Amino acid sequence: MHRKRRSHNIRQGLLRRVPSLPRALFVGLVMVILVGALNACQQDVQGPTDQMGVGSTQHAPEAEGGQVHWTYDGETGAERWGDLDPSFEVCAHGTQQSPVDLASPIPVSLDALDIQWQPAKADMVDNGHTIQVNVPEGSWITLDGRRFSLLQFHFHLPSEHTYEGIRSAMEVHFVHQAAEGDLAVIGVFMDVGEIHPAVESIWDAAPGFGEPSATLPELDPSALLPEDPGYLRYAGSLTTPPCAEVVSWVLMTHAITVSRAQVDAFEARYPMNARPVQRLNRRFVLWPQ
Ligand SMILES: [Zn+2]
């Protein structure tokens, strides 16, 4: 079981206590890049091949690439993103790229993460890279004493982050933005196990082929959080072009479960939409206590 192994390993990783994290250095970084990241991509719409159908082209941050065509494999795949457009250069040469392998987390004392998400109806899009739920205003988190508003959440298969090399079947990313423009993304691993009712309702509502969007009936995003509130943190980037290094990452230490059929349904639409793991370089993975 992933969740037990992950949790166990994290506890084994308790080596020492360190002072609190210096205030995040990437606050307010690179607004220009984010402006580019907010543009819609008109690429990559695929044919009708699956149970959920395929639809629109709209993007929001963290599943974003301006107008430049990019993919996960092949000529425009992840290893070549940095060459596709000057604004993607950091994908190739950045030193704080995401995702990463979450190994040897360091226990730290930090203000608690406060999650204030509200149930709401939402618009869903298939943007050519993932299924994305655009969340209306009114949900936010507080991280390091700063408020980040929830913009959207979307899915990757397999998981983008790993824990000591262990990859989950899927990963959901909740993308938040501060007034200054920088992002905070909460990632939740999705392991194969019991069927997940909230995921089922999202899959059921996904836009069909040729539909630009669909409406998701009222859903509480918190239904996609694990019961255990533990999480890890590190400073990183968007995992899609332009790979801007403006993201405070929060990865929940416990996974939620989805059924094999639920994974298969997403896989039929997106067989692989995960960027390879990037070097940690001079960063640390932090384990807030
Ligand atoms: Zn993502």
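This is a predicted model: local features need pLDDT of at least 70, side-chain atom pairs count only at pLDDT 80 or more; totals for chains, interfaces and linings use all residues.

**Strands, burial and the core**

Trainee: What makes strand β5 (residues 140-143) and β6 a pair?

Mentor: Four bridges join β5 to β6, and the two run antiparallel; since strands pair if DSSP finds at least two bridges between them, four bridges are enough for the name. Residues are numbered from 1 along each chain as its sequence is written.

Trainee: Which other strands pair with β6, and how do you know that they do?

Mentor: Strand β4 (residues 131-134) pairs with β6 in the antiparallel sense over three bridges, and Q132 stands opposite H154. β9 is also antiparallel to β6, over eight bridges, and there H154 stands opposite H173.

Trainee: Why is β6 called largely enclosed?

Mentor: A residue is buried if 20 or more other C-beta atoms lie within 10 Å of its own, exposed if 12 or fewer, and partly exposed in between, with C-beta atoms placed from the backbone. Eight of the eleven residues of β6 are buried, so the rest of the structure largely encloses this strand. In the protein, 45% of the 289 residues count as buried.

Trainee: What makes strand β13 (residues 247-252) enclosed as well?

Mentor: Six of its six residues are buried, so β13 is largely enclosed by the rest of the structure. V247, W249 and L251 point one way, S248, V250 and M252 point the other way, and all are buried. As for its neighbours, strand β12 (residues 231-236) runs antiparallel to β13 and is joined to it by six bridges, with Y234 partnered by W249. β10 pairs with β13 in the parallel sense over five bridges, with G187 partnered by L251.

Trainee: How do you know that the buried residues of helix α6 (residues 260-269) line one face?

Mentor: The buried residues of α6 are Q262, F266 and R269. Seen down the axis, they fall within an arc of 55 degrees (taken from the directions from the helix axis to the C-beta atoms), so they line one face of the helix. On the other side, R260 and A261 are exposed. What covers the buried residues includes β6 (146-156), β9 (170-178), α5 (197-205) and β14 (256-258).

Trainee: Why is one group of residues called a nonpolar core?

Mentor: The name is given to a set of buried Ala, Val, Leu, Ile, Met, Phe, Trp, Tyr and Cys residues joined through C-beta atoms within 7 Å. The largest such set here has 66 residues, and M124, V185, V188 and M190 have the most contacts inside it. Strand β10 (residues 183-192) gives the most to this core, with seven residues.

Trainee: Which residues does M190 touch?

Mentor: Contact requires C-beta atoms, placed from the backbone, within 7 Å. Leaving out residues up to four places away in sequence, M190 touches S168, A169, M170, E171, V172, A255, I256 and V258.

Notes: Two residues are in contact if their C-beta atoms, placed from the backbone, lie within 7 Å.
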